Structures are given as structure tokens and as C-alpha cells.
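Q: Could you take a close look at the nonpolar interior of this chain and walk me through how it is put together?

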Amino acid sequence: MSPQLVEIAPSFTVCGQLLPDHLPGIAAQGFTLVINNRPDGEEEGQPGSASVGQALAVHGIDYIHIPVVAGKWTEPSVDAFREALGRAGGGKVLAFCRSGMRAAAMWVLAAEPEDRADAIEAVSRAKIDLSKMSGLGFV
């Protein structure tokens, strides 16, 4: 059984923690890149980043680990997220964290300033409430 996937845009989806048994279903849905926003060891029993990356490689899916502690957004992590989205070349991207909220916030932060309001609206339409995220200035 896969985690609940929440499509924010045609080429960008978020979800909670991915486990190895989720990956065949993820691959079957055509994702070309997975971005992991969870720091290793954030929660007991959470698969390590390296093991997730190795399992995704078996399915031919690119993988990037950009660990972010909620509420501690850094310019380098946002830049890395923006660069990862660019490397996807329009392919389907799945970003995950514990719940999907941090990954959605990273997508908004990575948007160009003139596109940020549209990004916030897209996340809101997906029924993700970013007002709970500290330090982002979301209303």
C-alpha cells in the first residue's frame, strides 16, 4: 500500500514517508525523481536516506536527499530543491517528508518570487494548510 499522494501540480506531488514496498507503485505512476526532505534519524524506524535511494535506483527513479528540519528553512536547501526541480526536466516529481507538508512548503519556497502566490494557491487547493509552518509568512 502506498502513502497518500497529493498532487499539487501536474508534475509535482507530495506524500508522507516512503517505504521500500511503496516503490513499485511509485514507479508504475511514472515518477522520474523523488526528493526526500526528511533528515535521517528524524523518527525511530524511519528508513535511512541511502537505503531509500538504493531502492529507487532499482526502479530507475532518480533520487535527491535534501534534509530540512521543519521551521529551519535555509537558502541552500531551498536552492537545492529548486535545482532538483530543474534537473527533473518536466518529469513527474514526488517529494516526501513525514507528512508531505514540509515538501509542499519547499516547493513554494523554491518558486520564483513572482510565482509564489500561485504556488501557495496550488498548495491550498490541494488541501495542505501551510499556515502551520513557521517562518514562511503564509497566512
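A: Happy to. Helices (H or I, at least four residues) and strands (E, at least two) are DSSP runs, numbered from the N terminus. By that count the chain has five helices and five strands, in the order β-β-α-β-α-β-α-β-α-α along the sequence. This is a predicted model, where local features need pLDDT of at least 70, side-chain atom pairs count only at pLDDT 80 or more, and totals for chains, interfaces and linings use all residues. Residues are numbered from 1 along each chain as its sequence is written, and side-chain values use heavy atoms, with hydrogens and water left out.

Now to the interior. Of the 139 residues, 48% are buried, meaning under 20% relative accessible area with a 1.4 Å probe, protein chains only. A nonpolar core is a set of buried Ala, Val, Leu, Ile, Met, Phe, Trp, Tyr and Cys residues joined through side-chain atoms within 4.5 Å. The largest such core holds 34 residues, and Ile 8, Phe 12, Val 14, Phe 81, Trp 107 and Ile 128 touch the most other members. Elements that each supply at least two of its residues include strand E1 (6-9), strand E2 (12-15), helix H3 (75-87) and helix H4 (101-110). H4 gives the most, with nine residues.

Beyond its neighbours within four places in sequence, Ile 8 is in contact with Thr 13, Val 14, Ala 104, Trp 107, Ala 122, Val 123, Ala 126 and Ile 128, where contact means heavy atoms within 4.5 Å. A second, separate core has 13 residues, including Cys 15, Leu 23, Ala 55 and Phe 96.

Terms used: Buried < 20%, exposed > 50% of the residue type's maximum accessible area, 1.4 Å probe, protein only.
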